[in-house]
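I opened this entry to keep a record of what I looked up in one structure. The notes follow the order in which I checked things.

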Amino acid sequence: MRQTVLDVRDLEAGYEPGVPIVRGATITVDKGEIVVVLGPNGAGKSTLIKAIAGLVPITGGTVLLDGKDITAAPAHTMVRLGLAFVPQTENIFPLMSVEDNLKVACGILMPRETPARIEEMYGAFPDLARQRRTAAGNLSGGQRQMLAIARALIVHPKVLVLDEPSAGLSPKFVSMVFEMLAGIRKSGVTILLVEQNAKAALAIGDRAYVLVEGKDRHEGIASELWNDPVVAELYLGQRRLNPERDRHSGKGSAA
Ligand SMILES: Nc1ncnc2c1ncn2[C@@H]1O[C@H](COP(=O)(O)OP(=O)(O)OP(=O)(O)O)[C@@H](O)[C@H]1O
Ligand SMILES: [Mg+2]
């Protein structure tokens, strides 16, 4: 049976009064799903998930987490409520060791649970185990994202919300991050993902939304959206969704 974990209705949010960036966005994420939010640059994708996470003022609409209204919940209460947010940048403490990064992320766990939970993360992410004493700032880009994601997962969130976890990574690490997310979903974690890398995100996602000018303009099954002409249309002028296909058909690419 479908169980909605995150229910975002008609959300309106922005940085300055009277200037909404998110303008009536409605998205849902069901238990065990990976839901992807795509959209052109500046569409408001980051603002949408930051607003959900309590980091941008909400001026309209509602956010329910497992049926509980968290619309007005401050950001620092989100982890306890079950929502873990991984921002695009500054998502680890670079001067602290990998292990200390994990320790400080355990904040809401009982202190006696912490060592075992850190070992569980090392089991899931062996690269982190090998580098437990390394300063997080010295990790590779892919390993840093791994650490950021482990820090979010360590407290057993109901939903993991990520902003462009593959941004700025080399192709090898991009695939690593997406494989990691697919694995995390398999372990039963619900994921809301904003991504520029539409192809890779749709490959691991269940459903996806296209956000344009702060509003969800299109929704569908992730595997079907890649070739959906409406999606290409919504991206036109920004970036072609499927530059490879266009190259083969001789149309060129605006990517
Ligand atoms: N801190 C901020 N203060 C004021 N305006 C902001 C702030 N951050 C973003 N904006 C504005 O909000 C709009 C949406 O930005 P946002 O970063 O949410 O888009 P995005 O879809 O995540 O884009 P991208 O694909 O480039 O990451 C843009 O016009 C941007 O200039
Ligand atoms: Mg963004």
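Which residues surround ligand 1? The model is a predicted one, and in it I listed Tyr15, Ile21, Pro40, Asn41, Gly42, Ala43, Gly44, Lys45, Ser46, Thr47, Glu164 and Gln196 around ligand 1. I then sorted this shell by class and got 4 nonpolar, 6 polar and 2 charged residues.

Next I looked up polar side-chain atoms close to the oxygen atoms of ligand 1. For Thr47 I found a polar side-chain atom 2.5 Å from an oxygen atom of ligand 1. For Gln196 the distance from a side-chain N or O atom to an oxygen atom of ligand 1 is 2.6 Å. For Ser46 I noted 2.8 Å between a polar side-chain atom and an oxygen atom of ligand 1. I also checked how much of ligand 1 is covered: alone it exposes 640 Å², and the protein buries 59% of that area.

I placed Glu164 in the loop between E7 and H7. His156 is another non-glycine residue with a positive phi, near 55°. I found His156 in the loop between H6 and strand E7, which covers 159–163.

How much space lies in the largest pocket? I recorded about 520 Å³. Its lining comes to 24 residues, and those nearest the centre are Val79, Ala84, Phe85, Pro87 and Arg151. The elements that give two or more residues to this lining are helix H2 (78–81), strand E6 (83–86), helix H3 (98–105) and helix H6 (141–153). E6 gives the most, with 4 residues. By class I noted 18 nonpolar, 3 polar and 3 charged residues in the lining of the largest pocket.

For the second largest pocket I wrote down about 350 Å³ of space. I counted 20 lining residues there, with Leu153, Ile184, Ser187, Gly188 and Val189 closest to the centre. Helix H4 (114–124) and helix H7 (171–186) each supply at least two residues of this lining. Which element gives the most to the lining of the second largest pocket? I found that H7 does, with 4 residues.

Last, I looked at the chain as a whole. I counted 11 helices and 10 strands in the protein chain. The radius of gyration is 18 Å, close to the 18 Å that the globule rule gives for 255 residues, so I put the chain down as being as compact as a globular protein of that length. Along its principal axes the C-alpha trace spans about 55 × 40 × 40 Å.

Technical notes: Residues are numbered from 1 along each chain as its sequence is written. Chains are lettered from A and ligands numbered from 1 in the order in which they are written. This is a predicted model: local features need pLDDT of at least 70, side-chain atom pairs count only at pLDDT 80 or more; totals for chains, interfaces and linings use all residues. Side-chain values use heavy atoms; hydrogens and water are left out. On a 1 Å grid over the protein atoms alone, a cavity is a set of points where a 1.4 Å probe fits but cannot get out, and a pocket is an open set with protein on both sides within 12 Å along at least five of seven lines; lining residues have an atom within 4 Å of a point. Grid points are joined across faces, edges and corners, and a volume is the space filled by probe spheres set on the points. Ala, Val, Leu, Ile, Met, Phe, Trp, Tyr, Cys and Pro count as nonpolar, Asp, Glu, Lys and Arg as charged, and the others, Gly among them, as polar. A residue is near a molecule or strand if one of its heavy atoms lies within 4 Å of it. A polar contact is a pair of N or O atoms within 3.5 Å; within protein, one must be able to donate a hydrogen and the other to accept it, and residues adjacent in sequence count only if both atoms are side-chain atoms. Accessible areas come from the Shrake-Rupley method with a 1.4 Å probe; for residues, only the protein chains shown count as cover. The radius of gyration is taken over C-alpha atoms; the globule rule is 2.2 Å times the number of residues to the power 0.38.
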